[in-house]
Amino acid sequence: MSRQSMRANDPKKVSGELFTLTYGSLVAQLLKDYENVDDVNRQLERMGYNIGMRLIEDFLARANPGRCYDLRDTADKIQQAFKLYLGVSPSIGSWSPGGDEFSVVLETNPMAEFVELPDHCLGLRYSNIMAGVIRGACEMVQLEVMAWFIADQLKGDNVTEIRVKFVKRLEDAIPAGED
Amino acid sequence: MTVHSLYILSKSGGLIYQHDHNIPTVEHEKTFSYPLEVKLEVQNRNIVVSYGQRDGIKVGHTLMAVNGMKVTGQQLEDGRDAMLVLADEANYPINLKFARPRLTTNEKIFQASMFYPLYALACQLSPEQRSSGIEILEADNFRMNCFQTLTGVKFMVISDVKQTGIDNLLHRVYEIYSDFALKNPFYSLEMPIRCELFDEHLKSALEQAERLGISNI
């Protein structure tokens, strides 16, 4: 049995709607707990960071990608991870001239499928957890990045766009035999 | 074909998981008459055979029991000093049990953290650039395979030299680790893994690897 066929009937696949709704209830609960939209944004990012730190191992074990030596590799792998975990293929674009910054553009955001933002929380970055996941996952492979939302369909933009900026390689954290 | 044991080292070099799967027990019991034909001496507070190999009792084996009475360190269960008992002719004939002792938890932690710098050293000694550390270490009676993930976690399997399919087994163990240890919300990173589901899945993966001994798991 090859690994490919194992993935095809992967028993771990679940309904996307269940995931979307669960995430929705998490955000709704956080809004109740904090009342302040900025705190909720921060909390979501932190949760995402913690998820990313663990999720990266799953990604490495399943997809078995090699180490990245260039931000373009990283971008490809982030695209691959979106496919694996959210079932969507974002496009990568808007590279900065220095090649240290790019955008992940989602035509549809599966996390916000049934959502309309009410008036009192227009400052909410609903899917902010994604930015945290990207940051946490990259940090575990010794890559410090910043990730933030610059466009959101929930706020009337055409697409959902996450900006990712390379900060530095965490040289001290690179395990022996990997540098 | 056997898989003896498995070690998982965190990225900072600490032992976070250890499982003894199939370690052969070496035990020999024999009744001796005076004077004792094997030479015994005290090493690390244990009584060890130093010379005089016979009937399966080998140099390096530790005295485990005297006349069925357990020996802890140098003491018998009833508090007598084992060396004094053995020196007294009146106690003969005497039945002694020798065995190769298992590693204690402390020793395992010690050995595992010893491997960490060896791995790093191997990268430095390499004549080629960008070399990995030790991936396979082979001896007469066992082979150790080590797999380091991109995040720096090391998985080590100690197996029989004839065992095949270890690479796949290591990868499978990585998957199990990412599924059953990391997705457990009550497991904190870098801490020893105490998850029952992890144990179960790991055990069945090891058994399967032993049974098949070939490349598909």
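Modeller: Let us start with residue classes: Ala, Val, Leu, Ile, Met, Phe, Trp, Tyr, Cys and Pro count as nonpolar, Asp, Glu, Lys and Arg as charged, and the others, Gly among them, as polar. The model is predicted, so local features need pLDDT of at least 70 and side-chain atom pairs count only at pLDDT 80 or more, while totals for chains, interfaces and linings use all residues. Residues are numbered from 1 along each chain as its sequence is written, chains are lettered from A and ligands numbered from 1 in the order in which they are written, and side-chain values use heavy atoms, with hydrogens and water left out.

Colleague: How do the residues lining the second largest pocket divide by class?

Modeller: Rolling a probe the size of a water molecule over the atoms shows where empty space is left. On a 1 Å grid over the protein atoms alone, a pocket is an open set of points with protein on both sides within 12 Å along at least five of seven lines, a cavity is a set where a 1.4 Å probe fits but cannot get out, and lining residues have an atom within 4 Å of a point. In the second largest pocket, the lining divides into 23 nonpolar, 14 polar and nine charged residues. Of its 46 lining residues, R100(B), P101(B), R102(B), L103(B) and E107(B) lie nearest the centre, and the largest share, seven residues, comes from α2(B).

Colleague: Which residues lie nearest the centre of the largest cavity?

Modeller: They are E57(A), M140(A), V153(B), Y177(B) and E190(B), among 13 lining residues. By class, that lining has eight nonpolar, two polar and three charged residues.

Colleague: Which residues of α4(B) are buried?

Modeller: Helices are DSSP runs of H or I with at least four residues, and strands are runs of E with at least two, numbered from the N terminus. Buried means under 20% relative accessible area, exposed over 50%, and partly exposed in between, with a 1.4 Å probe and protein chains only. In α4(B), the buried residues are F198(B), L202(B), A205(B), L206(B), A209(B) and E210(B). They cover an arc of only 135 degrees around the axis, taken from the directions from the helix axis to the C-beta atoms, and therefore sit on the same side of α4(B). The face turned away from that buried side carries the exposed residues E196(B) and R211(B).

Colleague: What do the buried residues of α4(B) pack against?

Modeller: With contact meaning heavy atoms within 4.5 Å, they pack against β1 (3-9), β2 (15-20) and α3 (166-181) of chain B.
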